[in-house]
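Please look over the sequence and the model below. The report that follows takes up helix packing, a pocket and the overall layout.

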Amino acid sequence: MGLLALLLLAGGVWTSWNTAQYAMLVKAPERGTMTVVACGEDRCTGPYVPTAGDGKRRAKVSLAESAATKGERVEVTVKPGTAHAVRTGPAGILHAWVPFAGSLLLAALVVAGGMRFRRTAWVMGLLGAVLLGAAFVAL
């Protein structure tokens, strides 16, 4: 059960880090603002204007739909070699770590039920719930 809980947590960190590294790191090559013009099922698109780094204006970049709403202007960084933007700042960082929050909640169930470490499970579950709640409030 301990290995399963560890696997869940590692998967959450791995998934979150794919996005969080761009939201958190100051040395991202392209930072700027994006105005959300249109939203589809899972991505929003809009023009990108650089404010720092060696980026260039782009007519269209895409952002995760859950990270912004239509008409909103958000600070983003563009993943190198793609047209995918990642929201930066506190809201972007919290949004990037949502998969880890989910893995904390799932691992808490495994720790409580399979390992009988109830206090540890409560702490893990509460940390996951707080992280999810903070991301919801920030966005």
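## Contact of α3 with α4

In this predicted model, the α3 side of the contact with α4 consists of V98, F100, A101, L104, L105, A107, A108, V111 and A112. On the α4 side are R118, T120, A121, M124, G125, L127, G128, A129, L131, L132 and A135. Sorted by class, this contact holds 16 nonpolar, 3 polar and 1 charged residues.

Helix α3 covers residues 98-114 and helix α4 covers residues 118-138. Their axes lie 8 Å apart, and the packing angle is about 160°. Angles over 145 degrees count as roughly antiparallel, so α3 is described as roughly antiparallel to α4. The crossing of α3 past α4 is left-handed.

## Contact of α1 with α3

Helix α3 also packs with α1, at an angle of about 175° and with the two axes 7 Å apart. That angle makes α1 roughly antiparallel to α3. From α1, the contact takes in L4, A5, L8, L9, G12, V13, T15 and S16. From α3 come V98, P99, F100, S103, L104, L106, A107, V110 and V111. The class count here is 13 nonpolar and 4 polar, with no charged residues.

## Largest pocket

The largest pocket holds about 200 Å³ of space. It is lined by 15 residues, and those closest to its centre are T19, A64, A85, V86 and H95.

Four elements each give at least two residues to this lining: α1 (2-24), β4 (58-64), β6 (85-87) and α2 (89-96). By class, the lining is made up of 7 nonpolar, 5 polar and 3 charged residues.

## Overall layout

The protein has 4 helices and 6 strands. Starting at the N terminus, the order of elements is α-β-β-β-β-β-β-α-α-α. The C-alpha trace spans about 55 × 25 × 20 Å along its principal axes.

Notes. Residues numbered from 1 in each chain as written. Predicted model: local features only at pLDDT ≥ 70, side-chain atom pairs only at ≥ 80, totals over all residues. Heavy atoms only, no water. Axes fitted to C-alpha atoms, helices over the stretch in contact; angles between N-to-C directions. Parallel < 35°, antiparallel > 145°, perpendicular 65-115°, else oblique. Left-handed = near helix turned anticlockwise from the far one by under 90°. Contact = heavy atoms within 4.5 Å. Nonpolar A, V, L, I, M, F, W, Y, C, P; charged D, E, K, R; others polar. 1 Å grid on protein atoms, 1.4 Å probe; cavity = no way out; pocket = protein on both sides within 12 Å on 5 of 7 lines; lining within 4 Å. Points joined across faces, edges and corners; volume = space filled by probe spheres on them.
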